[in-house]
Structures are given as C-alpha cells and as structure tokens.
Amino acid sequence: MPELPEVETTRRGIAPHLLGATIAALEIRQPRLRWPVPTQLPETLPGQVIRAVRRRGKYLLLGTDAGTLILHLGMSGSLRLTPPDSPWRKHDHFALRLTTGLGLRYHDPRRFGCLLWTETAPEQHPLLAALGPEPLEPAFTGGYLHAHARGRRMAVKSFLMDSRIVVGIGNIYANEALFRAGIAPNRPAGRISLRRYEHLAQAVRTVLAASINQGGTTLRDFVDAAGNPGYFRQTLQVYGRAGEPCPVCGTGIRVQRLGQRATYWCPQCQR
DNA sequence: ACTGGCTCCTGAGGGC
DNA sequence: TGCCCTCAGGAGCCAG
C-alpha cells in the first residue's frame, strides 16, 4: 500500500516528535513480520537518542548513535503516535516508547512490513544498497530512464515499479504517471523515446508531489501519524476507475493484469 | 543479464 | 448465514 507519498507523509508526521527523543523501550507483540524482528533490539534500544528520521524509497530510517532502525510498511502497514497506555489494537505488532511517554505504534494486518537494525551505514544494508535514485531528486531525469531502458523488453509500467531503476513508485502512482504522460503501460521500456521519457519523469514528479501535498492516498488502511487518512484518492485519474470515462477524452478506462498487478489506462490517450 | 511468476499474510467482497 | 474464490497499496527470491 504505502508508496513514496504515504511513507513521506508518515515521516513528516513522526519526525517532529521523534527527533532528539530518547527511547525508553521497544515492546514487541508479534515479531513475525516479513523478517523476524531482531531479538536483541529490546535490549539495544533503551537509552538511545533518535538523531535522524529519514526516508529512502519506501523505507523509513530512524538513526541513533548505536545504529539505525530500518522500517518498511509493506502493503498494509501504518505508524501512529499514541499517548501513554494507549490500548493495543488487533494487528498492532510493536511499539517504540519514548521517555516522554509518547508511543510509536506499528499496525500491519498483512505483516508484509519489517523492522530491522543495522550498525553500519544504512545505505550499505543489502535491502538498500541496490536502490535506484529518489524520484524527487535531481538524478531522476528522462535521460536517466531512457538510458536504463535501452534494450529492455519489460513493460514500461513494471520498469517504473522496479526499485533498482527508481524507488518509491508502486502500483497506484505507476498507473497515474503513465496516464499523465500518455504512455501505454504495456509498451516495452526500450521502445520509448527520450522525449517521452522526459514527459514521464515530469509526470512522476508531479503526481508524487501532488499526493504528498494531500497527505497520500488512502484506499483502505493507510493513516498518517495522527491517524488521519490521505486525500489524494479523489485526485486519481485512472487507478480504480475501470469503466469510468477518461477525464481527458471520455473513452472508458480499461483494466487488465500486467505483471500480476491491476493496470488501468485510457486506450485512446495512452499509446 | 533479464524476465515473469511465486510467495509471505489477513481481510473484504462477490457469487452461490 | 456460510463457504469458497479472487483480489489488495510490496518486493525479495527463484528458475528458466
């Protein structure tokens, strides 16, 4: 679920409360996430001061002097700030408790997320080492996409969702960016011109930034650190709109599976 | 080197 | 009401 805008919304919500705070405890209810929560963490963390709250792709990184917590929200995860002694709800799997009493509660029905720990530079962690550029930073350009797509037959939508190419773009925003760029999702990545990739890179930047401004997209589970949903869903042009008229030309929006993911597009506007 | 397919997990919704 | 099937925002891992 959470793609870059939702993770960034979460980061912005928790950062002011976590920066400079001291960890009192890590309470674990369910250590069996995508990978087991490291068993030594509850002994390692107390007393550590949170020095940084960063995001890399869809990963959240909480930096301390002893190491860095690596957090991923998977498909259905969310983080909420909670008052002291807040009751545990079903699917609350762990909580970071600060010395102020404030809690950071992780909720994830599907348990595809993770909580890991690294004592070296997090960029060198196996999960992060091969990640592509951030789509909202200058290294992400049409020229970059065009160069990396050379000779590749994979559908451009799958290419755009490959975190080794560019991070943060999941199924919703891949659909939306391709619609805005006028590119058919199943077009082979290597058969798209530089000019069209420049449009695509711009569409990616525009749609991600617009969604961040709306607090992300909530389909079912996502809430920000205060427990509020995001409001970008109403701005989605094609995702989840099979059969509805294209907002540009009125042609019916189509849906088809592509790479095991629901793919929405306008057959008239996207070529 | 690429590619597509499978997998983890719970819950919601539709058809019967 | 209940059962069974399909699908859902991710992405690592594997075989071919």
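1. A salt bridge here is a side-chain nitrogen of Lys or Arg within 4 Å of a carboxyl oxygen of Asp or Glu. By this rule the count comes to 13 salt bridges. Please keep in mind that this is a predicted model, in which local features need pLDDT of at least 70 and side-chain atom pairs count only at pLDDT 80 or more, while totals for chains, interfaces and linings use all residues. Residues are numbered from 1 along each chain as its sequence is written, and side-chain values use heavy atoms, with hydrogens and water left out.

2. Helices (H or I, at least four residues) and strands (E, at least two) are DSSP runs, numbered from the N terminus. R55 is buried, at 18% relative accessible area, and E8 is buried as well, at 7%. Buried means under 20% relative accessible area, exposed over 50%, and partly exposed in between (1.4 Å probe, protein chains only).

3. Strand β2 also holds R56, which makes a salt bridge to E134 with the closest N and O atoms 3.0 Å apart. E134 sits in the loop between α3 (126-129) and α4 (142-149), so the pair links parts that are 78 residues apart in sequence. E134 is buried, with a relative accessible area of 8%.

4. Being 4 residues apart in helix α6 (residues 171-181), they are separated by about one helical turn. R180 is partly exposed at 33%, whereas E176 is buried at 0%. Elsewhere, salt bridges that share partners join E8, R11, R12, R55, R56 and E134 into one network.

5. Now the nonpolar cores: each is a set of buried Ala, Val, Leu, Ile, Met, Phe, Trp, Tyr and Cys residues joined through side-chain atoms within 4.5 Å. The largest has 35 residues, and those with the most contacts inside it are L145, I169, Y197, L200 and V204. Elements giving two or more residues to this core are α4, α5 (156-160), α6 and α7 (194-213).

6. V204 deserves a look of its own. Leaving aside residues up to four places away in sequence, V204 touches P135, F140, L160, I169 and A177, where contact means heavy atoms within 4.5 Å. A second, separate core of 28 residues includes L18, L69, L96 and A225.

Key. Chains are lettered from A and ligands numbered from 1 in the order in which they are written.
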